[in-house]
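Here is a short tour for anyone meeting this structure for the first time. Have a look at it, and then we'll go through it piece by piece.

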Amino acid sequence: MEQYGFVALGAVLLFLILYWYKKTPRPVSPAQTQEKLFEREARLLRMYQNLEDLMDSFESYVEEEQGKIAAERKAVEEAGAQARVVWDDVRKRALEQPTRVNPPRAASAAPAKPESAKPDPGEVIAAQDNAPRPPLRPRSQKRERVLSLHEQGMTPEDISREMGIAMAEVMLIIGLQG
């Protein structure tokens, strides 16, 4: 039993000597120190160059996007000006038209309701159902493409990425399709 204790003590001492040897700093020559410093400086220089390249590309991207935003803003302002002109024209024509007076009802018709009475909801709904409806707009090419890609099994994220449109717009088009 004493032999095992002696062997264990020897193993522990050997372990401590190896641990101390690894942790003790070794003398480094000035040439090695200079070489390490040169390597660190070269790495820092490469990192700085990469950072400058990244900043340059980001600046050009920002300039491009600002140009696109300015063009879109101008287009929206022009569309707004055109809409104002159309609105003013429609309003002017509506004000110029004479108001139509309903012809008097025949005597056999139902008795006239007092003006203060509210209309029957059934009559309002029937009038709305018979009202002419505006024609449906044709589907846009963008909408058709989104729906086509969705039917092919693409996810909204992939469709958004491929077409270069917002994911919310893709989700809206798919959601409206039902």
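## The core

Which residues make up the largest nonpolar core? Eight residues do: Val146, Leu147, Leu149, Ile159, Ile165, Val170, Ile173 and Ile174. A nonpolar core here is a set of buried Ala, Val, Leu, Ile, Met, Phe, Trp, Tyr and Cys residues joined through side-chain atoms within 4.5 Å. Buried means under 20% relative accessible area, exposed means over 50%, and partly exposed is in between (1.4 Å probe, protein chains only). Helices α4 (141-151) and α6 (167-177) each bring at least two residues to this core.

Take Ile174: skipping its neighbours within four places in sequence, Ile174 is in contact (heavy atoms within 4.5 Å) with Val146, Leu147, His150, Pro156 and Ile159.

## How to read the model

Keep in mind that this is a predicted model, where local features need pLDDT of at least 70 and side-chain atom pairs count only at pLDDT 80 or more, while totals for chains, interfaces and linings use all residues. Residues are numbered from 1 along each chain as its sequence is written, and side-chain values use heavy atoms, with hydrogens and water left out.

## The whole chain

The protein chain has six helices and zero strands. These are DSSP runs numbered from the N terminus (helices are H or I, at least four residues; strands are E, at least two). Of the chain's 178 residues, 6% count as buried.

Val146, Leu147 and Leu149 are the buried residues named in α4. Seen down the α4 axis, its buried residues fall within an arc of 165 degrees, so they line one face of the helix; the arc is that of the directions from the helix axis to the C-beta atoms. Gln141 and Glu151 are exposed on the other side of α4. The cover over the buried residues of α4 includes α5 and α6. Just after α4 comes Gly153, with a positive phi of about 100 degrees.

Now for α5, which spans residues 156-163 and has Pro156, Ile159 and Ser160 as its buried residues. Down the axis of α5, its buried residues fall within an arc of 100 degrees, so they line one face of the helix. Their cover includes α4 and α6. After α5 you'll find Gly164, whose phi is positive, near 75 degrees.
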